[in-house]
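Subject: Structure handover

Hello,

Here is the structure you were waiting for. Please open it next to this email and follow along.

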Amino acid sequence: MAISGMHLTRIGKGNFLLEPLRSMNIADQGRLMQEVVAQVRQGQGVRLYYDLNGLPVIDPVYYDWLSNLARTCRIVNIEMICINMEPTAAFTLSSFLSGKPEFATALAVPD
Amino acid sequence: MQKKETSEKLATLFGLKIGNISGQLEETGRAFFCADTMLMDEDEVADLSSEFVNLISGLLSAKEPAKRTIPQFHALEIFFSELAHRMLMRGGQVEDVVRYAQQLQYSLIAALERDSGVVFTQSRSVLLYFAQLFDELIMAIFHTYLGEREKTLKAQEMELRETSTPITEIWDGVLTLPIIGTLDSSRTMLVMEALLNRIAKDHARAVVMDLTGVRNIDSQVSHHLIQMVRAVQLMGADAIITGIHPEIARALVSLNIDLSGVTTRASLSDGLKEAFSRMGIQVSQKAG
């Protein structure tokens, strides 16, 4: 099942990699979250790596989308980990974040 | 009658065909740049004088020689700016260039007088014209000097900042950042920028920030520090703060800064041990 605006790939046992495309419309996040969670569950995934590579800024709107997706994943026992965050994105996100984010972070997908 | 006479002299000056007076101006250049300072050789002074004569001839023969917007005037400004830049680069003083310009003004009037036979030194309007012209040119010299000084100060400031916050990869994937001196907001921002870029470049998994050399911290900086830790964590690396002085600890508490999500250790060595242990690295003494 393809999801519009993103690539969702199975990368080993229980792990999925989500690569957002420029065409991804986060205004339609309800449908996107539902489709992502459905596909990861179908593949018996327990971990979702969200690739932030190439995203220069994470503003509050985009952060809301990431938080909502992470919360939705957590409800169905899927851990969401954001990877490859750009320095500029980390800088902007840290400037308005008051506590810990809803998702975990890692440099990249572990070997 | 007097006014008319002086205006006529100014008109004569503007209509003057200037002959080869560069030789007469060379002496001024030699006195300032060759004698004690050794900033130029004699050939260079000759070129300088010749170029100046060409430029001043261009200005005096322009349609409106008193205007400051004409290209001929800009060319003279550039000439003095470049001269000032060159002399400063060679270790000269701005005073030398300014005094040279002042002396050049008198030498030029004298040379023009000799060349044309008109007594320009008796004309108030001619003297006023040259005084105003050279004032502007001296301003150009000062402008260049201030620009150069500002550039030097900025470069020194940057160098000082870079050397006072050296980010070192002490182990594969472990960065250390000893912060020394006073942390202000702009410096914290610079450190953060450098650190985040370094994490991305080196794929660092742990960062040990050592505050042993920091004695003062204010509310804004402590927030920046927490922001820095959070940004490091967001990039997927572990942040460990070490060497927090009791004064800093007290300040952080009184400022209501929440350090609950931040790993702290007493010393840099403890911080490194923590980083190694998180990465599964064990450093042990060689047996025997």
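Buried means under 20% relative accessible area. Gln105 of chain B has 10% relative accessibility, so Gln105(B) counts as buried. Please keep in mind that this is a predicted model.

Gln105(B) belongs to helix α5 of chain B, residues 94-116. Leaving aside residues up to four places away in sequence, Gln105(B) touches Phe130(B), Ala131(B) and Phe134(B).

Phe33(B) is in helix α2 of chain B, residues 22-33. Its relative accessibility is 0%, so Phe33(B) counts as buried too. What does Phe33(B) touch, not counting residues up to four places away in sequence? The contacts are Met38(B), Leu39(B), Met40(B), Leu48(B), Leu83(B), Met87(B), Asp96(B) and Tyr100(B). Leu133(B) is 100 residues from Phe33(B) in sequence, and their C-alpha atoms are 22 Å apart in space.

**The sheet in chain A**

Chain A has an open sheet of five strands, in the order β1-β2-β3-β4-β5. The pairing is mixed. Which strands stand at the edges? They are β1 (6-10) and β5 (104-106) of chain A. Each has a single partner strand, so one side of each has no neighbour in the sheet. From one strand to the next, the twist averages 25°.

Look next at the parallel pairs. β2(A), residues 15-20, pairs with β3(A), residues 47-51, over four bridges in the parallel sense. Leu17(A) has Tyr49(A) of β3(A) as its bridge partner. β3(A) also runs parallel to β4(A), and five bridges join these two. There, Asp51(A) stands opposite Ile83(A) of β4(A). Four of the five residues of β4(A) are buried, so the rest of the structure largely encloses this strand.

**Helices of chain A**

Helix α1(A), residues 29-42, lies across β1, β2 and β3 of chain A. It runs at about 15° to β1(A).

Helix α2(A) covers residues 60-75. Its 16 residues, at 1.5 Å a residue, should span 22 Å. The end C-alpha atoms are 22 Å apart, which agrees. Buried in α2(A) are Tyr62(A), Tyr63(A), Trp65(A), Leu66(A), Ser67(A), Leu69(A), Ala70(A) and Cys73(A). These buried residues pack against β1, β2, α1, β3, β4 (79-83) and α3 (87-96) of chain A. After α2(A) comes Asn77(A), with a positive phi near 60°.

**The sheet in chain B**

Chain B has an open sheet of five strands as well, ordered β1-β2-β3-β4-β5 with mixed pairing. At its edges stand β1 (168-171) and β5 (263-265) of chain B. Each has a single partner strand, so one side of each is left without a neighbour in the sheet. Neighbouring strands are turned by 30° against each other on average, direction ignored. β3(B), residues 206-213, and β4(B), residues 238-242, run parallel and are joined by five bridges. Val208(B) has Ile240(B) of β4(B) as its bridge partner. Helix α7(B) packs on this sheet and touches β1, β2 (174-180) and β3 of chain B. The direction of α7(B) makes about 170° with that of β2(B).

**Helix α7 of chain B**

α7(B) has 18 residues, 185-202. At 1.5 Å a residue they should span 26 Å; the end C-alpha atoms are 25 Å apart, which agrees. Its buried residues are Arg187(B), Thr188(B), Val191(B), Met192(B), Leu195(B), Leu196(B), Ile199(B) and Asp202(B). They cover an arc of only 160° around the axis, which puts them on the same side of α7(B). His203(B) follows α7(B), and its phi is positive, near 50°.

**Nonpolar cores**

The largest nonpolar core has 66 residues. Which of them touch the most other members? They are Leu48(A), Tyr50(A), Trp65(A), Leu66(A), Leu69(A), Leu195(B) and Ile199(B). Helix α8(B), residues 219-234, gives the most to this core, with eight residues. Not counting residues up to four places away in sequence, its contacts include Leu8(A), Phe16(A), Leu18(A), Val36(A), Val40(A), Leu69(A) and Ile81(A). A second, separate core has 47 residues, among them Met40(B), Tyr100(B), Ala111(B) and Ile141(B).

Best wishes

Methods
Residues numbered from 1 in each chain as written. Chains lettered and ligands numbered in written order. Predicted model: local features only at pLDDT ≥ 70, side-chain atom pairs only at ≥ 80, totals over all residues. Heavy atoms only, no water. Pairing = 2+ DSSP bridges. Axes fitted to C-alpha atoms, helices over the stretch in contact; angles between N-to-C directions. Contact = heavy atoms within 4.5 Å. Expected span 1.5 Å × (residues − 1). Buried < 20%, exposed > 50% of the residue type's maximum accessible area, 1.4 Å probe, protein only. Arc of directions from axis to C-beta. Core = buried A, V, L, I, M, F, W, Y, C linked by side-chain atoms within 4.5 Å.
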